[in-house]
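Good morning, and thank you for coming.

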Amino acid sequence: MSSLIETKNLKKYFPVKSGLFGSRNLFVHAVDGVDLEIKKGETFGLAGESGCGKSTLGRLLLRLLEPTQGEIYFDGIDLLSMDKKQLRTLRRRMGIVFQDPKSSLNPRMTIYDILKRPLDIHKLVKDENEKRERIIDMLEAVGLTEEHLIRYPHELSGGQQQRVSIARAIITHPDFVLLDEPTSALDISVQAQILNLLVRLQLELGLTYLFISHDISVLQYISDRIGIMYLGKIVEIFNIKDFRRGEIYHPYTAYLLLSTPALHPEKRTSEQVVLHGEVPSPINPPSGCRFHLRCPFAGNECKKSEPELVEVKKNHYVACYHPEQTKEELRPLVKEKLKMYESVLP
Amino acid sequence: MVESNVNMKKVRSESTWYLTWLRFKRNKLALVGLGIIIVIVLIAIFAPVLAPYSPDEQHLKDRLQPPSSKYLFGTDEFGRDLFSRVLYGSRTALLVGIVVVAISATIGVTLGLISGYFGGWVDEIIMRTVDIVWSFPALILALAIVVILGPGLINAMIAIALVGWASYARVVRAETLSVKEELFVEAARSIGESDLRILVSYIFPNVLSSILVLITYNIPSAIITASSLSFLGLGAQPPSPDWGLTIATARRYLTLAPWYSIFPGLAIMLTVLGFNFVGDGLRDAVQPERVG
């Protein structure tokens, strides 16, 4: 498979004003050197705690934010060399769905107008009747009906609003859709519906997804590959197969997984493993490995220099000095946790 | 889909404006205000039908008459019927309100949108200009501009508008700053909308309700300022039946003919009150959708 999106050493620093006149120049290192490749047709899951920079990374990929440094290629096109007009034309090929369905839709536009805009901007359909038909087809594809056309967003439920957002993102038949926690604001039952809808649409339209979530249990259901982000860096990238086998090489990945609440707390056999300490400030990331302050395996080398993302086995990348130790020691716990997922898998 | 069955019965699609009207309707005082405004507008339109005399018709034998069945509000020093003049005065008042608001809202809203959306040095220049305009008392600044332009109703309106745009600019800028953080603006960019289109179709409709509230407060204050300028001899010129001008001339006969100044004064008060009631009601009706 060839890659649809590729980044090289991508960085985004946000300036923080401090002091009375903003004299001291500090920066939040939201994304701090990310090399990422998303292949055509796959679903790449991106996980991490709040504030680790995963949403910022997603926006950089669509150039909704300007990176501080680095390169982005979209289907071989250098995204950063494009001017405003070229970029707007290219936007036909990318879509985005946000976490908050209510705020994603313009409250003063009807559903019809919301879905018509992408077609108008990219002049995809000339004839008004055809336009209407395409919009209705799209609405039905996401599980809504013609009568929703004249409605305003506030008249729909959260799940329905999210369906409209999805319809808006894919009505131009894009190649790539960024899903920024599209299910986190929804009820569990609606979450499942939306996930299934996304899977179906991907099969029908051959979409490539970047699915951002803080919830590994959602990601492992929908993703082909998963990247784990910590403090602006990707610390591990793996296949879903490795994950299901419990082959995890980075301690942070393991703890992220283990920290998800137990499905049947009364059946819990071992003690809940929780990660101690706070996420360090992204304004002043720790020296060496960013995770060493919270890592049980941290040695001297982890404090001194930062580990590179290296391939530990085929298609499995990890940025850690102790991958084997992590894998062996945490595997029993990880496996036990994974059993829980198997029991709920469809 | 299970979800979509909920909306099966045919209900009319409710725009947010319709919901705002439902909330507005519940406010009694606002409805009274709306009633006053409608009456004044009707008076302005049908003044020639309603007025018993022409506003300029002099009855030199009946000068400074107290209110009677012949002259409902009495007469002035030329024997002109004050009732007719007060009715006709509503035309000047509304004209001032509409023209001033049209000019100042157009300037202020445009600058406020640009300022809030683009930020940077554009924002800095516009907002510092607003600061300068606001550092003068409104009437004094308007006075200074009229002195430069020369007295007269049209110049007075221009002067008031040149002072009034600043509040639109500031409110619209603040609203724009908050609306542009909404995800639907980012979504608009993600589907390839241009900046102009985002401003016109996405941000403007969402700050419009605040602008409407501001307009209903701005109309009465424009009327008062215009009346004040007329009172000072810099606005409407005789023989205009303008309320402010009438009060100014009535001042000389305050002890001799108190009704002369009372009725135009009452007219100003009622008009201002009506608009303010509506403004309050509108403000309360518009805000809940921000939260809920």
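I shall begin with chain B and then turn to the aromatic rings.

This is a predicted model, in which local features need pLDDT of at least 70, side-chain atom pairs count only at pLDDT 80 or more, and totals for chains, interfaces and linings use all residues. Residues are numbered from 1 along each chain as its sequence is written, chains are lettered from A and ligands numbered from 1 in the order in which they are written, and side-chain values use heavy atoms, leaving out hydrogens and water.

Chain B contains eleven helices and zero strands; helices are DSSP runs of H or I with at least four residues, strands runs of E with at least two, numbered from the N terminus. Of its 292 residues, 51% are buried, that is, under 20% relative accessible area with a 1.4 Å probe, protein chains only.

Across all chains there are eleven aromatic pairs. Rings of Phe, Tyr and Trp (its six-membered ring) pair if their centres lie within 6.5 Å; planes under 30 degrees apart are stacked, over 60 edge-to-face, and the rest tilted. A:Y252 and A:F291 are edge-to-face, at 5.2 Å centre to centre and 65° between the planes. A:Y252 belongs to helix α10 of chain A and A:F291 to the loop between α10 and α11, so the pair ties together parts 39 residues apart in sequence. Both A:Y252 and A:F291 are buried.

In chain B, the ring centres of B:F73 and B:F263 are 4.0 Å apart with planes at 5°, so this pair is stacked. B:F73 and B:F263 are likewise buried.

Note on methods: Buried means under 20% relative accessible area, exposed over 50%, partly exposed in between (1.4 Å probe, protein chains only).
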